[in-house]
Amino acid sequence: LFRSDCKYTTLKRSKLVEFLKDGLKDDIIKYDHNIEKIEKNNDQIDLSFNKNIKAICDYLIISDGVFSKGKSLISNNKIKPAYNNSIAIRGNISRNKIQNLNQNNISLFMGRNFHYVIYPVNIENEKLNFIGVLEYQLTANELDNYSLFKEKTFIQSIKDKLKNKLSITILENIENIKCFPVFVSKGYLKPGKNIFLLGDAFFAFPPSFAQGASQSIEGASELFENIINNKNSFYDYRVAKVKMINNRSKLNHFAFHASNPIIIFFRNISLKLLTKNKKFLENYLGKIYKN
Ligand SMILES: Cc1cc2nc3c(=O)[nH]c(=O)nc-3n(C[C@H](O)[C@H](O)[C@H](O)COP(=O)(O)OP(=O)(O)OC[C@H]3O[C@@H](n4cnc5c(N)ncnc54)[C@H](O)[C@@H]3O)c2cc1C
């Protein structure tokens, strides 16, 4: 379900990483460094890595993702992401296996406790991406056992669950299926004036609004502006934006996964009307995409 006149931008992760690294000098990124300690010494920050490597810096920007070790270190292990009661399913699907779909745009399918998207990335004849989000309860033990998500039996059990949620042609033709639990943030940590958290390390959203990576990049650009202009307002704007996006992500998740027929009825009518309503789109999406 998407308006055909609205183009959705998609990009492969590897291409984005290449693009971001392109402008950096070769020796800027230090590999094989494992952060072990972060200490504040007035305005100076002392970093200790494995193999007894030390570094001193004026600014520390932590952007090591949702399970951020940097964030754990500066919060004394107090702030942890929470399991969002859902599993993400990723895979690829050949274009010739899909019919009746605009293969140049993103398609969204909504179902009971499950939604999925199919979209192209970059090259015309390359396989399409499939991403699904399935509500799924996991015990603490299962969550601790990360290898579970790679087990063939687990992946098969997820496929079995999808049998009545997805057309059999699509399900049988998804290749390279990978499953992983979705974790989200529950609160904000704003460390001292020269330590910053960015991207998922600062706040990880439910994936239903597809904004995490975009917001990580946007946040990085804002932080750059703040630092070079000696401003002190990075978190004010960022927190407001994160709240706005988190609320929309949660609303999307609820609407996409609705199972009550009355809610589904009203959702479908609302979507038909709202996706044509410029004022609504300006308000709901414009505030996110435009600065
Ligand atoms: C199912 C799903 C679908 C999504 N779809 C979209 C989408 O369509 N659009 C969108 O914009 N976003 C999407 N997102 C969100 C997006 O993936 C994340 O928000 C984004 O990757 C966050 O970027 P990041 O740089 O903060 O963290 P990451 O991409 O997680 O990068 C963190 C990096 O830090 C490294 N690292 C971790 N620990 C350490 C350490 N101790 N030392 C050194 N390095 C370390 C990791 O190896 C990794 O390279 C989706 C998320 C999910 C779960």
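**Exercise 1. What volume does the second largest pocket have, in Å³?**

*Solution.* Keep in mind that this is a predicted model. Start with the size: the volume of the second largest pocket is about 220 Å³. The lining consists of 16 residues, and Lys193, Phe196, Lys231, Asn232 and Ser233 lie nearest the centre of the pocket. Two or more lining residues come from each of strand S10 (195-197), helix H7 (212-228) and helix H8 (234-256). Finally, sort the lining by class: 8 residues are nonpolar, 5 are polar and 3 are charged.

**Exercise 2. Work out which residues are linked with Glu218 in a network of salt bridges, and whether Glu218 is buried or exposed.**

*Solution.* Recall the background first: side chains of opposite charge can pair when their charged atoms come close. The cut-off to apply is a Lys or Arg side-chain nitrogen within 4 Å of a carboxyl oxygen of Asp or Glu.

- Step 1: Glu218 and Arg238 pass, with their closest N and O atoms 3.4 Å apart. Glu218 is in helix H7 and Arg238 in helix H8, so this pair ties together parts 20 residues apart in sequence.
- Step 2: Glu218 and Lys241 pass too, at 2.7 Å between the closest N and O atoms. Lys241 also belongs to helix H8, so here the tied parts are 23 residues apart in sequence.
- Step 3: Glu218, Glu222, Arg238 and Lys241 are its linked members.
- Step 4: check burial, which means under 20% relative accessible area. Glu218 at 17% is buried, Arg238 at 4% is buried, and Lys241 at 3% is buried as well.

**Exercise 3. Find the parts of the chain that the salt bridge between Glu126 and Lys12 ties together.**

*Solution.* Begin with the contact: the closest N and O atoms of Glu126 and Lys12 are 2.7 Å apart, and the two form a salt bridge. Now place the partners. Glu126 sits in the loop between strand S7 (114-119) and strand S8 (128-135), while Lys12 is in the segment before helix H1 (13-22), so the bridge joins parts 114 residues apart in sequence. In total, the count comes to 7 salt bridges.

**Exercise 4. Identify the residues of the nonpolar surface patch that includes Ile262.**

*Solution.* First, locate Ile262: this residue lies in helix H9 (residues 261-274). Second, test its exposure; with a relative accessible area of 55%, Ile262 is exposed.

Key:
Residues numbered from 1 in each chain as written. Predicted model: local features only at pLDDT ≥ 70, side-chain atom pairs only at ≥ 80, totals over all residues. Heavy atoms only, no water. Patch = residues over 30% accessible without salt bridge, like charges linked within 9 Å, V, L, I, M, F, W, Y side chains within 5 Å. Areas by Shrake-Rupley, 256 points an atom, 1.4 Å probe, with all protein chains shown as cover. Helix = DSSP H or I, 4+ residues; strand = E, 2+ residues; numbered from the N terminus. Buried < 20%, exposed > 50% of the residue type's maximum accessible area, 1.4 Å probe, protein only. 1 Å grid on protein atoms, 1.4 Å probe; cavity = no way out; pocket = protein on both sides within 12 Å on 5 of 7 lines; lining within 4 Å. Points joined across faces, edges and corners; volume = space filled by probe spheres on them. Nonpolar A, V, L, I, M, F, W, Y, C, P; charged D, E, K, R; others polar.
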